[in-house]
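Please read them with the sequence and the structure side by side.

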Amino acid sequence: MPVIKTIYDKTTHFLLWHDKITAWLLGMLTVGALPPFFQLWCLFPAFIGLALLGFKSEQVRHLAAVGYWFGFGFFSVGFYWIGNALLVDAGQTGWLYPFVLFLNGAFFGVFTILPLVLMKLGKTPAAKVLFLTAGWFLSTEWLRSVFLTGFPWNALSSVLAFSPLWLQTLSWWGTYGLSMVVLLTAALPAVYINRPDKKNIYALVLPVLFIFLLFGCGKYLLARQEQSETGRQIRVRLVQPSISQSMKWRKGTAEKNLAEYINLSRAAGLENIDFVVWGETASPFNLVYDMEHRVLVQEAVPPQGYLLAGMLQDGYDGKTGDYVLYNSLAVMDYFGQIHDVYSKNHLVPFGEYIPLRQYLPQWIRPLTNMVGQFAKGEKYQTIKVDDYPEFAPLICYEIIFSGQIVRRQNKPKWAVVLTNDGWYGISAGPYQHLAAAQMRAAEEGMSVVRSANSGVSAVINPYGVITSRIGLAERGYVDDIIKTGLSHQTIFGQYGNLIPFLLSCFLMLLAGLFNCRNKA
């Protein structure tokens, strides 16, 4: 097999001496471990390779380039589904699809520069891996969650969302803490590969111990859910009409789409339901003022319960007097009374508003008018009706923000998320969104009810376990029971992202100790 060996040798030589191309390929490979693929083996060659590239160079410029190209590959492929929104009207906007892939990589790749640059501070391979891990948290995950209101999609720890067993330690250190553990597990073997001697054997042993730690703690913490069956039980019905995005806003179909929601809601057993839950913008009509459509919607409300309906709400800003549009959730009773309204606070950049719009040059401003400019509601609201436990209302991607979905004090026992992933079709996006909801449930120790226009709709218990679901692109409804007695206080729920910050400081301190040991 001399030909195969020759090809292998030349390929290996090429990759070793073309770091940027290698980093780009490794970044793309990492995507294989994300939902819904869950090919965890991809993490090891990806991060071992990235660490080895970091070991090779001491030049900041070179390290920054390696980090950038790794991020370019990771984010351009990992966010490919964002471009599907352009295919809803392919004739008008489909040609922009390749540009979206490029821009995702070009912009978000900046956030993976710092982790590689920090490796320069390490004097030993082990110290370099620790600085890489701390930098990944600080820039690639945390900073990305706050810059321009943030877009923390696809945290590295989401690769473990294939089973709630592996998510249980989220209740200790949250999404970003678990991401650091995942990265350490995948990258540490590079220390031994770089120098395979007995002194570095720990680099192979520790990842195995991390895996057993996550497994053992998961088994123990998951077993606790069987010990708490007391508390109020809430019966919910999720409605998923799976309306095509191309039909959702087409002129003349609004009435038909609303009727789809109503008909599915009225299925047998409605009298036993406490809350019927519709998806984001299920009603294109403002149910606060539109009495004609509010009367129609009353048919979907349980006799002894409430309807939670997504809707577009228009009105005037009380401070400026400007006409504004809100992405809202309305709570309606059987008699058509609106008890409460929540308006989305965390808006999607470049989807629901244009960041820094006022500073853009005049020539590009007409293009920004294609993006809706929604107004913001208040943060950390809760809704209380009758004697039901209060819940946290959330809309769409508000659920992806670790440590930012509910207030720390007097936390509600459950959350309701209305979303519409129909923009992204049959793709990884809706599954990644669902994984984020599972992770928030496990972090905060609270149930999450997720209703999506086209899926995946699901009821998730406080341990991240999906107890019922409606699959992607399926039409139908599902009834389930929320056991509020399962809700519990978690360490992360109490202290939030202070914990991963402290963990990153510990890793950098440990790296400093490795540096000192090297000098000695």
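**Notes on the structure**

1. The lining of the largest cavity comprises 14 residues, and Pro-152, Trp-153, Asn-154, Ala-155 and Ala-436 are the ones nearest its centre. On a 1 Å grid over the protein atoms alone, a cavity is a set of points where a 1.4 Å probe fits but cannot get out, and lining residues have an atom within 4 Å of a point. Helices H9 and H16 (428–444) are the elements that give two or more residues to this lining, and H16 gives the most, with four residues. By class, eight of the lining residues are nonpolar, five polar and one charged. Here Ala, Val, Leu, Ile, Met, Phe, Trp, Tyr, Cys and Pro count as nonpolar, Asp, Glu, Lys and Arg as charged, and the others, Gly among them, as polar.

2. Two remarks on the source apply throughout. The model is predicted: local features need pLDDT of at least 70, side-chain atom pairs count only at pLDDT 80 or more, and totals for chains, interfaces and linings use all residues. Residues are numbered from 1 along each chain as its sequence is written, and side-chain values use heavy atoms, with hydrogens and water left out.

3. The volume of the largest cavity is about 120 Å³, where a volume is the space filled by probe spheres set on the grid points, joined across faces, edges and corners. Three cavities of 30 Å³ or more are counted. The second largest cavity holds about 100 Å³ of space, and its lining includes Tyr-342, His-346, Lys-379, Pro-393, Leu-394 and Glu-398. That lining has five nonpolar, four polar and two charged residues.

4. The second largest pocket contains about 450 Å³ of space. A pocket is an open set of points with protein on both sides within 12 Å along at least five of seven lines. It is lined by 13 residues, with Thr-124, Pro-125, Arg-195, Lys-199 and Asn-200 nearest its centre. Helices H8 (125–146), H10 (189–194) and H18 (498–519) each give two or more residues to the lining; H18 gives the most, with three. Five of the lining residues are nonpolar, four polar and four charged.

5. Which residues have the most contacts inside the largest nonpolar core? They are Phe-47, Phe-275, Trp-414 and Val-416, in a core of 113 residues. Such a core is a set of buried Ala, Val, Leu, Ile, Met, Phe, Trp, Tyr and Cys residues joined through side-chain atoms within 4.5 Å. Helix H9 (residues 170–187) supplies the largest share of this core, eleven residues. Another core, of 22 residues, lies apart from it and includes Leu-258, Trp-278, Phe-285 and Leu-287. Beyond its neighbours within four places in sequence, Val-416 is in contact (heavy atoms within 4.5 Å) with residues including Val-277, Leu-308, Phe-391 and Val-449.

6. Helix H13 (residues 254–265) has twelve residues and spans 17 Å from first C-alpha to last, close to the 16 Å expected. The expected span is 1.5 Å times one less than the number of residues. Helices (H or I, at least four residues) and strands (E, at least two) are DSSP runs, numbered from the N terminus. Asn-257, Leu-258, Tyr-261, Ile-262, Leu-264 and Ser-265 are the buried residues of H13. Buried means under 20% relative accessible area, exposed over 50%, and partly exposed in between (1.4 Å probe, protein chains only).

7. Most residues other than glycine have a negative phi, and most peptide bonds are trans. The peptide bond from Pro-35 to Pro-36 is cis, with omega near 0 degrees, and Pro-36 lies in the loop between H2 and helix H3 (43–56). The bond from Gly-455 to Val-456 is also cis, with omega near 5 degrees. Ser-242, not a glycine, has a positive phi of about 55 degrees; Asn-410 has a positive phi near 50 degrees.

8. Is Asn-410 buried or exposed? Asn-410 counts as exposed because its relative accessibility is 64%, and it is found in the loop between strands E6 (391–395) and E7 (414–419). Ser-242, at 21%, counts as partly exposed.
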